[in-house]
Amino acid sequence: MLRTLIFAALVFYGHGLEDSPDTNVRVVGGSTAQRNSWPSQISLQYSSQGSWYHTCGGTLITQKWVMTAAHCVDSNLNFRVVVGDHNLYQNEGTEQYVSISKIVKHEKWNPNNVAAGYDIALLRLSQSVTLNNYVKLGTLPPTGQILPNNNPCYITGWGKTKTNGQLAETLQQASLPVVSYETCSSSSYWGSTVKNTMVCAGGDGVKSGCQGDSGGPLHCLVNGRYVVHGVTSFVSSLGCNVAKKPTVFTRVSNYISWINNVIASN
């Protein structure tokens, strides 16, 4: 169920040679995050034959709303959100499991063309989650903010730890510095595939997102605190950690007014 598009979307339904986007991303070349050090990170899961399976990440942005990638929720599956999780295969007592009452994908999202952008969706939870040391809201950037080249950022997620590998059991993190749009859209990088509504990060050929990381956050250090500047969208279909093919994220600062409008009207 992985879709090889012009790229590879980073969705993972547990069960994809040209250079195109792959939207099924997991953290490659990273390390295990300290437990609950990224408390706005959520696991988006779907049910199949009585069990629940991780497919994507996301960010808790209010007590009733989660931000993720539109391509994560294109399938007509029964989804739930888990907050406060660390090890997907253990119940650690910090998790809260919440069903989803509404899915709002960006109206310009085209599931057949992830490179067009608009890969963002909001999930309204059926009930408010409880905030605590393990569950906190992600901080979003101001409208239009563009980070400089090499700004320090971290990707987090339970995605594959290597191309064609397995999902991580525990939450992974990897340092992915910002790659400027000027560089990322150059012919030796992503070229015209990347739009200015996206953020590129990484591209060293070692660390990257991979399948299962889709929809999750890119946490960037700005003025001494981590701000969610990206929603994990795609990598190269040639592999997750391809040199000069940075992981590509939806640029959150381009969608602040859309986010606010969706929440206000729903």
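**A histidine, a strand and a pocket**

Reply: Happy to. This is a predicted model. Leaving out residues up to four places away in sequence, histidine 86 touches Thr32, Ala33, Gln34, Arg35, Asn36, Glu92, Trp158, Glu169, Thr170 and Leu171.

Me: Is histidine 86 buried or exposed?

Reply: Histidine 86 is found in the loop between E7 and strand E8 (96–105). Its relative accessible area is 7%. Buried means under 20%, so with 7% histidine 86 counts as buried.

Me: Which residue in E5 is the bridge partner of isoleucine 42?

Reply: Strand E4 covers residues 41–48, and eight bridges join it to strand E5 (residues 51–62) in an antiparallel arrangement. The hairpin of these strands has two residues between them, and there glutamine 49 takes a positive phi near 50 degrees. For isoleucine 42, the partner in E5 is glycine 58.

Me: And in E7, what is the bridge partner of serine 43?

Reply: E4 also pairs with strand E7 (residues 79–83), again in the antiparallel sense, over five bridges. Within E7, serine 43 has as its bridge partner valine 82.

Me: How many of the eight residues of E4 are buried?

Reply: E4 has E5 as a partner through eight bridges and E7 through five. The strand is mostly covered, and its count of buried residues is seven.

Me: How many residues does the largest nonpolar core have?

Reply: Leu44, Met67, Val81, Leu122, Leu125 and Ile259 have the most contacts inside this core. Beyond its neighbours within four places in sequence, leucine 44 is in contact with residues including Tyr53, Phe79, Val81, Ile100 and Leu123. A second, separate core of 14 residues includes Val27, Val178, Ala201 and Val227. For the largest one, the number of residues is 45.

Me: What is the volume of the second largest pocket?

Reply: Let's look at its lining before the number. Of the 15 residues that line this pocket, Ile146, Tyr181, Met198, Val199 and Arg251 are the closest to its centre. The lining divides into ten nonpolar residues, four polar and one charged. The volume is about 180 Å³.

Me: Which element gives the most to that lining?

Reply: At least two residues each come from strand E12 (178–179), helix H1 (181–184) and strand E13 (198–201). With three residues, the element that gives the most is E13.

Conventions. Residues numbered from 1 in each chain as written. Predicted model: local features only at pLDDT ≥ 70, side-chain atom pairs only at ≥ 80, totals over all residues. Heavy atoms only, no water. 1 Å grid on protein atoms, 1.4 Å probe; cavity = no way out; pocket = protein on both sides within 12 Å on 5 of 7 lines; lining within 4 Å. Points joined across faces, edges and corners; volume = space filled by probe spheres on them. Helix = DSSP H or I, 4+ residues; strand = E, 2+ residues; numbered from the N terminus. Nonpolar A, V, L, I, M, F, W, Y, C, P; charged D, E, K, R; others polar. Core = buried A, V, L, I, M, F, W, Y, C linked by side-chain atoms within 4.5 Å. Buried < 20%, exposed > 50% of the residue type's maximum accessible area, 1.4 Å probe, protein only. Contact = heavy atoms within 4.5 Å. Pairing = 2+ DSSP bridges.
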